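Subject: Structure handover and notes

Dear colleague,

I am passing on the structure below, together with some notes on what came out of it. Please read them with the coordinates open beside you.

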Amino acid sequence: MNEYEDDDTDITMSPKELALLGEGEVAYIKQVDFDDAEWLFPALDDTPDDIDLFAVLAADGAPIALTDSRHAAIANAIENDLVPLSVH
């Protein structure tokens, strides 16, 4: 054990609390394939197979935007006053 560990303290979060962590503050940028994009954005229709897709997601995973470039996804997050974070 090091000086920063305390074996008597357990920090627990509910799944809901974890999902809300960063809500309204961060946006996750994730490259997605067409199937994932279609699941996240049901209104999506006939996207060409040969383009890259990047989803902008809220802290709880809710879809915010879909773009064809990482730079556009980051710009979208910043325009919405959110800190963009990459998800790999």
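Which strands does helix α3 lie across, and at about what angle does it run to β2? Helix α3 (residues 70–79) lies across β1, β2, β3 and β4, and its direction is about 20° from that of β2; axes here are lines fitted to C-alpha atoms, for helices over the stretch in contact, with angles from 0 to 180 degrees between N-to-C directions, and contact means heavy atoms within 4.5 Å.

Before going further, please note that this is a predicted model, in which local features need pLDDT of at least 70 and side-chain atom pairs count only at pLDDT 80 or more, while totals for chains, interfaces and linings use all residues. Residues are numbered from 1 along each chain as its sequence is written, and side-chain values use heavy atoms, with hydrogens and water left out.

On confidence, the mean pLDDT of the protein is 83, with 80% of its residues at 70 or more, pLDDT being the predictor's confidence in each residue, from 0 to 100. The lowest confidence falls in helix α1 (residues 15–20), with a mean of 67, and the highest in α3, with 95. Where pLDDT is low, the predicted coordinates should not be read in detail.

As for the overall layout, the protein has 3 helices and 4 strands, which follow one another along the sequence as α-β-α-β-β-α-β; helices (H or I, at least four residues) and strands (E, at least two) are DSSP runs, numbered from the N terminus. Of the 88 residues, 26% count as buried, where buried means under 20% relative accessible area, exposed over 50%, and partly exposed in between (1.4 Å probe, protein chains only). The accessible surface comes to about 6600 Å², and carbon and sulfur atoms contribute 51% of that area, as computed by the Shrake-Rupley method with a 1.4 Å probe. Among the contacts with a separation of 6 or more, 47% are between residues 24 or more positions apart.

The strands form an open sheet of 4 in the order β3-β2-β1-β4, with mixed pairing, two strands being paired if DSSP finds at least two bridges between them. Because β3 (63–67) and β4 (83–87) stand at the edges with a single partner strand each, one side of each is left without a neighbour in the sheet. From one strand to the next, the twist averages 25°.

Taking the pairings in turn, strand β1 (residues 26–32) and strand β2 (residues 53–58) run antiparallel and are joined by 6 bridges; within this pairing, Y28 stands opposite L57, and Q31 has F54 as its bridge partner. Strands β2 and β3 are antiparallel, with 4 bridges between them, and V56 stands opposite A65. The hairpin of β2 and β3 has 4 residues between the strands, and in it G61 takes a positive phi near 95°.

How many of the residues of β2 are buried? The strand is mostly covered, with 6 of its 6 residues buried. L53, A55 and L57 point one way, whereas F54, V56 and A58 point the other way. In a regular strand the side chains alternate between the two faces of the sheet.

T67, in β3, counts as buried because its relative accessibility is 14%; leaving aside neighbours within four places in sequence, T67 is in contact with D52, L53, F54, A72 and A73, and its side chain reaches the backbone oxygen of S69 at 2.8 Å. V83, in β4, counts as partly exposed, because its relative accessibility is 48%. Not counting residues up to four places away in sequence, V83 touches E25, V26 and A27, while V83 and Y28, though 55 residues apart in sequence, are 8.4 Å apart in space, C-alpha to C-alpha.

With best wishes

Definitions and conventions. Polar contact = N/O pair within 3.5 Å; in protein donor to acceptor, adjacent residues only side chain to side chain.
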